Amino acid sequence: MRQLFFALYARDLRLAWRRPVDALLPFGFFVVAAAMFPLGIGPEPQMLRQIAPGLIWVCALLATLLSLNALYTGDYADGTLEQLVLTGQDGAVVAAARAAAHWTLTGVPLVLVAPMFGLLFDLSGDALGTLAFTLLLGTPVLSLLGSIGAALTLGLRSAGVLLILIVLPLAVPALIFGSTAVAAVDGGQSAQAQCSLLGALLLLTTVLAPPATAAALRIALD
Amino acid sequence: MRFTSYAVPSRFFRASTSLLPWLWATAAMAGAAGLSLGLLHTASDAPPGDAGRILIIQVPAAWMSMVVYAAMAAWAAIGWLGHVRLASMAARALAPTGFVCTVLALVTGAFWTRSTWGTWWMWDARLTSELILLLLYGGYLGLAEAIEDPRRADRAGALVAIVGAVSVPVICFSVRWWDALHQGATVTSRQPPELTDGMLPATGLVALAFLAWAFAIVFVRLRAIVLERERDTAWVRALEGAVSAKARVRGIRGAPA
Amino acid sequence: MATWLHWESVDALVAMGGHGIHVWGAYGATAAALTIEGWLAHRRARRARRAAASAALARTDA
């Protein structure tokens, strides 16, 4: 099982390495989207500092969602997906490996860059650390939840919109816990509760999402 | 006569034909009683005053939106995991009604908020959760309608509904957390819509009316789905063949239909 | 108006203590939504019956 996981994981990273632009697009979206807000709302530092935690988290969420579209479509198109899922390989491991690769390519850059954006919005040093930590816990959750949506909407015409519609409600808890944690720390309070909740959410999602994704893949491929 | 025998589409069809008039009658009577009680007879006390009469509809609509979602997820799961075709069809029939109930809960909630607080919307826990429920219904309906193959549509919908149903407790908890956190920051404490005791009997009757109505509408829709999917089976042919043959004969004889 | 009714006049009923627009707006929206849903459901049922009937007729003719 572990062999399969690492083999698929390494393969996905290698494929992404050959087309770095595709892997960097969601990251670019995040930067653009986050930069739009001061332009749209106004550069007043007090207000920007107040909305920064939620703003950055929402932009991270949207960037992750937009990159989920292509999660399975490539392998679906050339038949690799059917080979993997329908030849008795453990679907949950396939799903977990794919989600892990997606997180490495999309979530990790966000974890690294978002605190820098937090600086642009004048968040305190502690808040920046909390931002990185909550994104570290939250982006895997988003990748895992998104893989369920990507598997369900495989091959459909309006897959992109449907995927966002399906995954957004599920992502609300991560968004709330993550953004309120950063806001709390920026205001001088502790965010222990939110971080524990995020950790629990991550555990729950890691256990439940891959089997659900595997079931969704079987439904889509049958 | 076992309950599971109604899992056969033809039996359900026959049973629903005799049940529907009773359902419509219950909905009409309970609705009339509840509305007249709530609008004409009861004095409305407490701060909301007469605006509280909106809650007679808002609260049952919110209840129904949640009950229908749970039923939809349950029947979808039974249909998918238990391989009961009628159960999958029942889930598809329930979804639009649940969606309408959610929209109603939101719209009447907006009217209530406007009447009590002056704004058309309030981002409190209950209304925000209702909005998220609307998204959950939208995801199910969007996905099921986008897939042409009925089997795949039913199964994909079932998975979305189950994932949604499992997530609902987590989502509600997080929204209530979010609401409690931000309530402390505002000057005015926002009270969620509360039913006054005087309005309870009327609300109960309206809730019963909503339930009967929902059953009736879902049965009508389920009958349509059954006919759509079972078109080529013997019992449908017999049923519709007899009806249309009669109509054709009447037409040939020139007698009024 | 009768003594067991809460309202003194029809005007009072319509006005609803100042909340008239909102109360009747909410009730009106509910009536509209339920009517539309009912009409759509019955329309689907009618279409399904017609389609099943013509399919049955085609079968008996063939």
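This is a predicted model: local features need pLDDT of at least 70, side-chain atom pairs count only at pLDDT 80 or more; totals for chains, interfaces and linings use all residues.
1. Two residues are taken to be in contact if their C-beta atoms, placed from the backbone, lie within 7 Å. Chain A and chain C, by comparison, do not touch, and their nearest C-alpha atoms lie 23 Å apart.

2. The contact between chains B and C draws on 35 residues from chain B and 32 residues from chain C. On the chain C side of this contact with chain B, 19 residues are nonpolar, 9 are polar and 4 are charged.

3. The contact between chains A and B involves 21 residues of chain A and 22 residues of chain B. On the chain B side, helix H4 (125–146) and helix H5 (150–183) each contribute at least two residues, and the largest share, 13 residues, comes from H5(B). Sorted by class, the side of chain B that touches chain A holds 15 nonpolar, 5 polar and 2 charged residues.

4. Helix H9 (residues 192–221) of chain A packs against H5(B) at an angle of about 165°, with the two axes 9 Å apart. Because angles over 145 degrees count as roughly antiparallel, H9(A) and H5(B) are described as roughly antiparallel to each other, and their crossing is left-handed. From H9(A), the residues A:Ala212, A:Ala215, A:Ala216 and A:Ile219 take part, and they meet B:Arg152, B:Arg155, B:Ala156, B:Leu159 and B:Val163 of H5(B). By class, this contact of H9(A) with H5(B) has 7 nonpolar residues, no polar ones and 2 charged ones.

5. Within chain A, the axes of H6(A) and helix H7 (residues 125–152) come within 8 Å and cross at roughly 155°. The same cut-off of 145 degrees applies here, so H6(A) and H7(A) are again roughly antiparallel to each other, although H6(A) passes H7(A) in a right-handed crossing. The residues of this contact between H6(A) and H7(A) comprise 16 nonpolar, 7 polar and 1 charged.

6. After H6(A) comes A:Asp122, whose phi is positive, near 70°.

7. Helix H3 (residues 45–68) of chain A can be examined in the same manner. At 1.5 Å a residue its 24 residues should span 34 Å, and the end C-alpha atoms, at 33 Å apart, agree with that expectation. H3(A) bends by about 55° at A:Ala52, and a proline, A:Pro53, follows within four residues.

8. In chain B, helix H2 (residues 55–81) has 27 residues that, at 1.5 Å a residue, should span 39 Å, and its end C-alpha atoms are 38 Å apart, which agrees. H2(B) is followed by B:His83, whose phi is positive, near 55°.

Definitions and conventions. Residues are numbered from 1 along each chain as its sequence is written. Chains are lettered from A and ligands numbered from 1 in the order in which they are written. The expected span of a helix is 1.5 Å times one less than its number of residues. The bend at a residue is the angle between axes fitted to the seven residues ending there and the seven starting there. Ala, Val, Leu, Ile, Met, Phe, Trp, Tyr, Cys and Pro count as nonpolar, Asp, Glu, Lys and Arg as charged, and the others, Gly among them, as polar. Axes are lines fitted to C-alpha atoms, for helices over the stretch in contact, and angles run from 0 to 180 degrees between N-to-C directions. Angles under 35 degrees count as roughly parallel, over 145 as roughly antiparallel, 65 to 115 as roughly perpendicular and the rest as oblique. A crossing is left-handed if the near helix is turned anticlockwise from the far one by less than a right angle, and right-handed if clockwise.
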